[in-house]
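Hi,

Here is the structure I promised to pass along. Have a look at it first, and then read on for what turned up.

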Amino acid sequence: MIETIRGIVETEQAESDRATESAAQKRQQRLELLIAVVSTGLAVSGISSQVTSEPVKTIITKNQPSDSPEAVIPIYLSYYNFLDVLFHIIVGVLIALPVGLIVWWMQKRSNRTR
């Protein structure tokens, strides 16, 4: 009788360990996906800020009529770089989302083949 109970306890313990390991693996995959998306977004934002230092000013200057001698830039754009930072963050997010979807799809696909 005691051996039967020990066998049942060991079986339940093995099933519990297997479930815990599966949950830990899923958490690990989600963490890897999050790290891939965030690092891609930060990398793209950093690169875009190095390539175009003042994108909002450049866009406004290009949209000015050609007959005006100087580009008129609103005062709030000349003193604050908030829109430039926001522009680079948006570029990073726009590139990071498709990369995140691709990584997520590849993880799901590799899990199905196992």
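This is a predicted model: local features need pLDDT of at least 70, side-chain atom pairs count only at pLDDT 80 or more; totals for chains, interfaces and linings use all residues.

The chain has four helices and zero strands, so you will read α-α-α-α along the sequence. Of its 114 residues, 15% are buried. The accessible surface is about 9400 Å², and carbon and sulfur atoms account for 64% of that. As for contacts between residues at least 6 apart in sequence, 75% of them join residues at least 24 apart.

Now for α4, which covers residues 82-113 and has 32 residues. From first C-alpha to last it reaches 46 Å, close to the 46 Å expected at 1.5 Å a residue. Its buried residues are Asp 84, His 88, Gly 92, Ala 96, Gly 100 and Gln 107. Some background for that list: an α-helix has 3.6 residues a turn, so residues three or four places apart point the same way.

Then there is the largest pocket, with about 230 Å³ of space. Which helices supply at least two residues each of its lining? They are α1 (2-51) and α4, and α1 gives the largest share, six residues. By type, that makes two nonpolar, five polar and three charged.

Cheers

Note on methods:
Residues are numbered from 1 along each chain as its sequence is written. Side-chain values use heavy atoms; hydrogens and water are left out. The expected span of a helix is 1.5 Å times one less than its number of residues. Buried means under 20% relative accessible area, exposed over 50%, partly exposed in between (1.4 Å probe, protein chains only). On a 1 Å grid over the protein atoms alone, a cavity is a set of points where a 1.4 Å probe fits but cannot get out, and a pocket is an open set with protein on both sides within 12 Å along at least five of seven lines; lining residues have an atom within 4 Å of a point. Grid points are joined across faces, edges and corners, and a volume is the space filled by probe spheres set on the points. Ala, Val, Leu, Ile, Met, Phe, Trp, Tyr, Cys and Pro count as nonpolar, Asp, Glu, Lys and Arg as charged, and the others, Gly among them, as polar. Contact means heavy atoms within 4.5 Å. Accessible areas come from the Shrake-Rupley method with a 1.4 Å probe; for residues, only the protein chains shown count as cover.
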